Every structure is written in C-alpha cells, then in structure tokens.
Amino acid sequence: MKIIRLTVYIVKLDAWNVGTRYSATDKLGLSLQSSIVRLETDSGLIGWGETLTPPPFYHPTSPESARAAIGLIAPLVLGADPSQNRRILHDIRSMMRGHEPAKSVIDMAVWDLAGKVAGLPLVELWGGRVVNDMPVLCLVNFASPEEQFAQIVEFRAQGYKLFQIKVGDGDPNLDVARIEAGMSAMQPGERCWFDANRAWNIDQAMQILNQVKHLAPLIEQPTETYRDCVTISRRTGLGLMLDEVIHDQDDLFRAVNDGVIDVAVLKLGTTGGISEHRHLADVGVRLGIPMRIEDYYGTGLTLAAVCHLAHTLPEHAVFGLYDYHLPEVPVVKNPFPVANGRVRVPNDCQPGLGVEVNPEVLGDPVAEYEL
Ligand SMILES: [Mg+2]
C-alpha cells in the first residue's frame with residue numbers, strides 16, 4: 001500500500017479566546033487557521049491530520065510557513081507505505097530542521113492511516129487503555145476577579161474541576177486580586193492555576209508573587225525566558241507549570257534537574273507531533289511530571305489525537321486536556337464526547353483517530369500533491 005495523494009485544506013477558527021499580552025495589528029489580517037491534511041492511499045484508505053499554528057506574534061510560525069513546509073515534505077510522503085510510519089518520520093526529520101507544525105500534521109495523518117491499516121484505534125495500537133477517561137480543563141479568560149469567580153461557578157455547574165485562569169494583561173495589583181479570588185473559589189477536588197503566557201517581567205512577577213505565595217498558587221509560564229522562571233521559582237519557593245519554554249526532552253530534563261517544574265505543557269506544534277509527544281510523555285511519566293497533552297488549538301481531529309495518547313498514560317501523569325471541538329466549526333462529525341468535565345475515547349472507536357471528517361466544512365483544497 002502506498003500514499004498517492006496529499007491534499008491541504010484551511011479552516012478558519014475565529015473563536016480563539018486565549019488571552020495574551022501579545023497582540024497583532026489588524027493590518028496584517030492575521031486569523032487563526034487550522035491546516036488540515038488528507039492523505040489518500042492506492043487502497044482507498046484516507047488519513048487525516050491537523051495543525052494549528054498560532055499567529056506569529058505568539059510563536060515563530062504562521063499558517064503560510066506551515067503550508068510551505070508541507071509542500072517541501074510532500075515528496076517524502078508520496079509513494080511511502082503508511083505502515084512504515086517511523087521510516088517516514090525519520091526521512092522528514094533528516095530532511096528538515098524546525099517547522100514542527102508541518103511535521104506534526106503529517107505525523108498525525110500517517111498515524112491515522114497506520115491505525116486504519118492495522119484495523120485498530122490508536123489507543124489500542126499504542127498498547128491499550130490505562131484509563132477510561134480524562135479530565136478536561138476550562139479557560140477562565142481575562143476579567144475582573146469577581147467576573148472570573150463567576151466564570152468558575154459557571155464551569156463548575158457543567159462538571160469541570162480544572163480552571164486555567166488568565167492573568168498578565170497589565171496591572172500587577174489586579175493579578176494579585178485574581179489569584180486571591182481564584183484560590184478562594186476552589187472547592188475540594190478542584191484545582192486552579194494562573195497563566196501569564198510570558199506576560200510578566202521579573203519585577204512584576206516578584207511584586208505579585210511575594211503577596212500571594214503563602215496561598216501556594218500554581219503559576220503557568222510567568223515570564224518570557226526559562227532563566228527568569230528559574231529565578232522566580234527559587235526566590236518564591238513555588239514550582240511552576242512550564243509551557244512555552246518546553247520544546248523537547250532536554251528542556252524537560254533541565255527543568256526537572258533545576259527543580260522548577262511541577263507540571264509540563266506539551267504542544268504538538270512545538271514538539272513536532274504525536275510521535276514526539278509519545279516519547280516525551282513516557283519521559284514525563286518516568287520523571288514523575290504531570291503533563292498537559294495538547295496543541296495550540298484545533299478541532300475534533302486534534303482532540304482525538306491527544307485523547308488517544310492520554311488514555312495510554314496513568315491518570316496521575318495527565319494534568320488535563322483541552323476540549324478543542326467547536327460546534328460552530330464541525331470539522332469532525334463525531335467528536336469525542338465531553339461530559340461532566342471529562343472526555344473519553346469511545347468504546348466503539350473506529351480504527352486510527354476514529355473520527356469522521358465533514359468535507360463540507362473543509363471547502364476547496366489550497367494545495368494538492370500527487371504521486
Ligand atoms: Mg500556556
């Protein structure tokens with residue numbers, strides 16, 4: 001069996017509500033785009049992958065650069081046997097440094113095919129379920145402390161127990177009040193943490209954390225550099241959730257050796273895809289570091305990929321997953337069910353990723369490569 005066609009689609013997702021101090025100018029017309037790849041084999045099997053590159057003000061990538069890299073990778077994929085997916089990935093890595101979002105989308109699509117060739121959902125192909133479901137985290141966006149408290153109450157009513165609270169949009173005193181309000185809102189079995197998305201400088205971070213460190217808050221990526229994160233952790237005694245500074249196993253080992261990381265965030269578009277995530281997740285399990293397994297954003301395709309992987313890990317190793325599926329952009333007809341703050345790979349999951357793509361949502365292809 002060989003891959004004979006690679007088709008690329010773009011889906012616009014305008015619902016990204018991730019708060020960050022970074023901003024874009026409207027003049028550039030930046031929007032959040034998911035690049036979706038369809039791989040077709042000569043046997044008729046179809047594999048799907050997705051990558052969502054954040055805008056370049058947030059991460060040194062763009063949807064356009066991802067699609068250019070997919071075009072460079074295409075000759076290595078066309079003609080390849082999808083069950084030889086390690087070989088395909090090796091060829092891609094040997095040919096190209098960087099461009100992790102492009103590697104990730106191809107990797108996901110090849111895994112979808114590999115599962116379909118084997119007749120197994122990926123969770124089974126990867127050794128079977130260790131858990132039956134996973135907690136989903138919810139995002140409490142920038143607002144006053146009172147409004148963030150109200151958002152938590154609303155999410156709690158839907159069954160959520162994990163709350164990522166956004167901080168870092170300018171006023172350190174406001175962030176102090178948000179941290180105090182968030183910590184006071186927690187009930188038994190719940191957890192919240194505070195994501196600055198690199199927004200604080202070290203002076204702001206110390207000013208804020210010196211006032212709240214007695215509450216033992218968990219802080220996500222307080223500053224731009226890893227060095228400043230280490231300084232903050234040592235001065236306050238607080239372990240951190242590290243996100244934008246974790247790219248590979250060297251970063252993970254370094255943060256563990258430095259004693260600054262309590263939780264790691266692994267993003268497909270940063271590590272280079274689900275294969276690299278599987279490796280890092282195994283490393284994280286052995287290091288005893290809980291992980292968020294995710295990408296920058298996405299649709300039901302990305303949710304399925306991270307869900308399969310998370311189900312092969314022990315419960316204590318997975319801090320939580322994002323629910324990416326947007327009902328208003330139904331790229332996937334049968335997204336994995338999220339109920340009562342938890343998500344699961346269905347028992348009757350079909351082979352591969354186990355989701356069916358809705359072609360009408362994809363529109364016309366933006367690129368096509370044939371053998
Ligand atoms: Mg983050």
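Helix 1 and helix 2 are oblique to each other, a term for angles that are not under 35 degrees (roughly parallel), over 145 (roughly antiparallel) or 65 to 115 (roughly perpendicular). Their axes come within 10 Å and cross at roughly 135°. The structure is a predicted model, in which local features need pLDDT of at least 70 and side-chain atom pairs count only at pLDDT 80 or more, while totals for chains, interfaces and linings use all residues. Residues are numbered from 1 along each chain as its sequence is written.

**Helix 1 and helix 2**

- Helix 1 spans residues 63-77 and helix 2 spans residues 85-95; helices are DSSP runs of H or I with at least four residues, strands are E runs of at least two, and both are numbered from the N terminus.
- Axes are lines fitted to C-alpha atoms, for helices over the stretch in contact, and angles run from 0 to 180 degrees between N-to-C directions.
- On the helix 1 side, Ile73, Leu76 and Val77 meet Ile88, Asp91, Ile92 and Met95 of helix 2; residues are in contact if their C-beta atoms, placed from the backbone, lie within 7 Å.
- By class, this contact holds six nonpolar, no polar and one charged residues; Ala, Val, Leu, Ile, Met, Phe, Trp, Tyr, Cys and Pro count as nonpolar, Asp, Glu, Lys and Arg as charged, and the others, Gly among them, as polar.

**Helix 6 and helix 7**

- The axes of helix 6 (residues 172-185) and helix 7 (residues 202-212) come within 9 Å, crossing at roughly 35°.
- Helix 6 passes helix 7 in a right-handed crossing.
- Pro172, Asp175, Val176, Ile179 and Glu180 of helix 6 meet Gln204, Gln207, Ile208, Gln211 and Val212 of helix 7.
- The residues of this contact divide into five nonpolar, three polar and two charged.

**Domains and their contact**

- The chain is assigned domain 1 (3-120 + 359-370) and domain 2 (125-343), with bounds from an automatic or database domain assignment.
- The C-alpha centres of domain 1 and domain 2 lie 24 Å apart.
- Domain 1 contributes 32 residues to the contact, and domain 2 contributes 29 residues.
- On the side of domain 1 that touches domain 2, strand 2 (33-41), strand 3 (46-53) and helix 3 (100-118) each supply at least two residues.
- Helix 3 gives the largest share of that side, 10 residues.
- That side of domain 1 has 17 nonpolar, 10 polar and five charged residues.

- Four strands form an open antiparallel sheet in the order 3-2-1-15; two strands pair if DSSP finds at least two bridges between them.
- Strand 3 and strand 15 (367-370) are the edge strands, each pairing on one side only.
- The twist averages 15° from one strand to the next.
- Strand 2 and strand 3 pair in the antiparallel sense over eight bridges, and Ile36 stands opposite Glu50 in strand 3.
- Helix 3 lies across strand 2 and strand 3, and runs at about 155° to strand 3.

- Strand 13 and strand 14 (residues 342-343) pair over two bridges in the antiparallel sense, with Val343 in strand 14 as the bridge partner of Val338.

Technical notes. Contact = placed C-beta atoms within 7 Å. Left-handed = near helix turned anticlockwise from the far one by under 90°.
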